[in-house]
Amino acid sequence: MTTYDLALIGFGGVNRSLAELIASRGEALRAELGFGLRVVAITDLRLGSLMDANGIDLSMALALGGDSGSGGDTFARYGGSAEPDNEAVIRGCTADIICEATFTNPDDGEPAVSHVRWALESGKNVCTTNKGPVALRGRELAALAARQGVRFEFEGAVMSGTPVIRLARQMFSGLKLNGFEGIMNGTSNYVLGRMEAGLDLGEAVREAQELGYAEANPAADLEGFDVQLKVLILANELLGGNLQLKDVQREGISAVTPEDIRVAASAGRRWKLIGSARRTPDGGIEAGVAPRAIDLVHSLAGISGATNAVSFETDLLGPVTVSGPGAGRIETAYALLSDIIAIHQAAEGRGAAGSVQAAAEDGGLARV
Ligand SMILES: NC(=O)c1ccc[n+]([C@@H]2O[C@H](COP(=O)([O-])OP(=O)(O)OC[C@H]3O[C@@H](n4cnc5c(N)ncnc54)[C@H](OP(=O)(O)O)[C@@H]3O)[C@@H](O)[C@H]2O)c1
């Protein structure tokens, strides 16, 4: 039976959860999916790096660092290095698949762009949950993957493990996708919901921070930067666009007032931060993120709290809406697992239409 060797780049919430999943469910997954998983390399900013072609002891790795901190301990104690050594590990390790889950850099995507490039250049498949490389350099990286005959998968970059990208690629074959609109940021959605319940913006943000939904600096969520990257990914990925970040108009929710919320409610409407893109009659794509007061019968009006949803506008079915978790370390680790399953299916010749390779060859990022 096939066993895929993995390298985990960044050992924070998401890749730790993937390691936990492999440690706790590896045997069940092997029986169900028909392949095994083994971690042969890990790198992390604080823990350094470790390679073992025979498989790293995951209970040791998981015991190092984590919520309790590493106490200064690093992989050097286990025969590795106290430094991440990312390029040497990615290029030199024996992994079949590199799982990239370092931080998202919305400016230039680095260092994740380099991590992905080193992996593809050395003939390794990549799965990532990191929006940066996909949004900012996706086309170029997909073309590199195609040239190298390997896969570049990134389901978790939008709506964590909730299937959006692969679902649209695979299940909408034969339909024309004319656009999409969605709620793709749980923090801003939670804040708007609490404002509807009577809190002002500041109170709602503080509550979200206390509950761990919002960062200490919530600008990426509230000002629409996070959704802007996701819209860019979906527009290029699913509508075949070649947009840059500047092509996605951006407005956040910080100007929405309690009075706006009251006026909307009395008119049977509700404010939501909507990320959207649609084809224009001249063959272009119009994309943006902005707060909108939508009708209560709108398919996105009932999406509350941290839940996310995307409604796809198709020619034969009309709107098709997918909702589910938009974040969470376990949910996002599942996205990596779903990418690995897609890589396995492609290796077995069961890859669905819309492969990264095929799409890159016809000039799109990866689309049906
Ligand atoms: N968690 C979610 O719900 C979610 C959902 C969708 C997408 N994502 C994306 O998935 C990625 C991972 O998320 P996460 O929640 O696991 O983040 P995280 O907990 O912050 O983990 C990232 C890890 O990568 C390490 N790291 C940073 N730069 C590195 C480098 N150059 N080399 C090696 N390691 C490096 C970090 O070390 P330090 O801690 O020392 O900086 C940290 O351990 C992010 O891009 C995030 O945007 C996350």
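Tutor: Let us begin with Lys 124, which counts as buried at 6% relative accessibility; please keep in mind throughout that this is a predicted model.

Student: Why is Lys 124 called buried?

Tutor: The word buried is used under 20% relative accessible area, and Lys 124 has 6% relative accessibility, so Lys 124 counts as buried. This residue is placed in the loop between α4 and β5.

Student: Which residues does Lys 124 touch, beyond those up to four places away in sequence?

Tutor: Among them are Ile 90, Arg 91, Gly 92, Cys 93, Ala 119 and Val 150, and contact here requires heavy atoms within 4.5 Å.

Student: What makes the approach of the Lys 124 side chain to Ser 122 a polar contact?

Tutor: The cut-off for a pair of N or O atoms is 3.5 Å, and the side chains of Lys 124 and Ser 122 are joined at 3.4 Å, so the distance falls within that limit. The side chain of Lys 124 also reaches the backbone oxygen of Arg 91, at 3.0 Å.

Student: How far is Lys 124 from Leu 45, C-alpha to C-alpha?

Tutor: The C-alpha atoms of Lys 124 and Leu 45 are separated by 22 Å, and the two residues are 79 residues apart along the chain.

Student: What makes helix α4 mostly covered?

Tutor: Helix α4 runs over residues 112–121, and eight of its ten residues are buried, so by the cut-off of under 20% the helix is mostly covered. The buried residues include Val 113, His 115, Trp 118 and Leu 120, and the buried residues of α4 pack against elements including β1 (2–9), α3 (86–92) and α5 (131–148). After α4 comes Gly 123, whose phi is positive, near 75 degrees.

Student: What is the peptide bond from Glu 110 to Pro 111 like?

Tutor: That bond is cis, with omega near 5 degrees, and Pro 111 has its place in the loop between β4 and α4.

Student: How do you know that Asn 130 is buried?

Tutor: Asn 130 has 1% relative accessibility, which is under 20%, and therefore Asn 130 counts as buried. This residue is found in the loop between β5 and α5. The side chain of Asn 130 makes a polar contact of 3.3 Å with the side chain of Glu 100, and a polar atom of the Asn 130 side chain lies 3.1 Å from the backbone oxygen of Thr 102.

Student: Why is Asp 85 called partly exposed?

Tutor: Partly exposed covers the values between buried, under 20%, and exposed, over 50%; Asp 85 has a relative accessible area of 38%, so Asp 85 belongs to that middle class. Asp 85 sits in the loop between α2 (58–63) and α3, and has a positive phi of about 45 degrees although it is not a glycine.

Student: Is Ser 160 buried or exposed?

Tutor: Ser 160 has a relative accessible area of 2%, which is under 20%, so Ser 160 is buried. Ser 160 lies in the loop between β6 and α6 (165–171), with a positive phi of about 40 degrees although it is not a glycine.

Student: How do you know that Thr 280 counts as buried?

Tutor: The value for Thr 280 is 17% relative accessibility, and because 17% is under 20%, Thr 280 counts as buried. This residue is found in the loop between β9 (269–279) and β10 (285–295), and touches Ile 285 and Glu 286, not counting residues up to four places away in sequence.

Methods:
Residues numbered from 1 in each chain as written. Predicted model: local features only at pLDDT ≥ 70, side-chain atom pairs only at ≥ 80, totals over all residues. Heavy atoms only, no water. Buried < 20%, exposed > 50% of the residue type's maximum accessible area, 1.4 Å probe, protein only. Helix = DSSP H or I, 4+ residues; strand = E, 2+ residues; numbered from the N terminus. Polar contact = N/O pair within 3.5 Å; in protein donor to acceptor, adjacent residues only side chain to side chain.
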